Amino acid sequence: LGTERMVVDRRRCLLVAVLLASADAVRPAVATRPPAVRTAAPVMIMDQLKKIADDGALAVKQAAAEKVVGERVAAKLAAAQAKYDIPQKYTNLMQSFFTSYMTEIYLADRDLDEYEQILSTLMKKVLETAQEPHTFQPFHEAIRAPFDYYKMGCDFANGMVDADRSLVLGAEQIEKMQQQIAAGDNVVLFANHQSEADPQIFSVLLDPKVPGFAEETIFVAGDRVTTDLLAMPFSMGRNLLCIFSKKHVDNPPELKSTKQRHNRMVMKTMQQLMTDGGKCIWVAPSGGRDRPSDDGKYEVAPFDSKSIEMFRLMSAKADRPTHFYPLSMFTYPICPPPTTVGGEIGEQRTVKYYPAALHFGEEVDVSRFSEGCVTDNFPAGCDANSSRDELREALAKHVHSIVSSNYQDLAAKLDMP
């Protein structure tokens, strides 16, 4: 406690020094202004000093929280090490991730006891899967009993989502989707992807408004979220089509044929699901998460035209109609991706309490992008002036432009300065 008080006292001394320096820096400018302006200057100074004081107080509060929380998390992990054999890499990752999480819970004035219990439950499940990793089938159905992994994931994500400032736009499109699904049709959501926690944030925003919709949605998931020990318990609570992305199929080379065989089984399973009908499938045609540009702004990553075309072709083979909707997701501040792409499994994670947003766009008519000719007059009635490749690229760009435009609108409303 004495050490902590010394740290706080040092930070307070630093804050006082900053306040005095800031006041001295602005005082000459005030003195040289004409009398008519002089009355407004103190307000500007007080605003500046208040901001410095607020920022300094937050820094002190955050530093103290990180110290206390870090010690408690370390104690929990030390006790767990005595029972479970955890790879050292994951011990370090859990230490930083869970400390970041509980610090944000404290700073956001959430219920510490409630979220510490949620964190303890997650930690237990991570340790259990470290001992006995779950094997994901091509189509994984959410595990709800005897333990409800869906609820655990949503409860955990709920601690990070500022629900009061979050947005869900295009709710009328969800009503249409629900009617289409109830009629036995399929719905495919072409979405951008920003956070590892996107499925859970999707549920946190939608479960109170449209119960069951997010819960039943099937997410197309890459191998990282089904093999990473920290991600695995969250993935176990979702309906997933588990594929190996193009970026990871070739590595390591000796497993390439096995991964390709697995992916073929996933396609076969997805075709059957769409033939059965009444499904909602979420997919990120970019094949990965959005990353910031050179100026630090996040942009929707380009969509792979082959990915979109695959869903269009599978829908054509199904006995049920399929409806395609663009979905824009603003989630990166809550759990941002690493700056690099394709790193090793087990990435460093940080979290932040922040609002999230979804924007469901209007249904896209893909039929007008599918009339190109493979060969002369095949298929019958095709447009000889447009090749299939051209139309495929045009469809991908069209969907991407909608997702990107709606995303920029969300970012303008919620993005960090």
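Biologist: What separates Lys125 and Glu128 by about one helical turn?

Modeller: Lys125 and Glu128 lie three residues apart in helix H5 (residues 112–131), so about one helical turn separates them. Helices here are DSSP runs of H or I with at least four residues, numbered from the N terminus. This is a predicted model, in which local features need pLDDT of at least 70, side-chain atom pairs count only at pLDDT 80 or more, and totals for chains, interfaces and linings use all residues. Residues are numbered from 1 along each chain as its sequence is written, and side-chain values use heavy atoms, with hydrogens and water left out.

Biologist: Happy with that! Why is the meeting of Lys125 and Glu128 called a salt bridge?

Modeller: The term asks for a side-chain nitrogen of Lys or Arg within 4 Å of a carboxyl oxygen of Asp or Glu. For Lys125 and Glu128 the N to O value is 3.2 Å, so the pair qualifies.

Biologist: How do you know whether Lys125 is buried or exposed?

Modeller: Buried means under 20% relative accessible area, exposed over 50%, and partly exposed in between (1.4 Å probe, protein chains only). Lys125 has 11%, so Lys125 counts as buried. Glu128, at 27%, is therefore partly exposed.

Biologist: And what makes Asp409 and Lys413 a salt bridge?

Modeller: Their side chains meet at 2.8 Å, N to O. Asp409 and Lys413 are four residues apart in helix H15 (residues 388–414), so about one helical turn separates them. Asp409 has 30% relative accessibility and therefore counts as partly exposed; Lys413, at 48%, is partly exposed too.

Key
Helix = DSSP H or I, 4+ residues; strand = E, 2+ residues; numbered from the N terminus.
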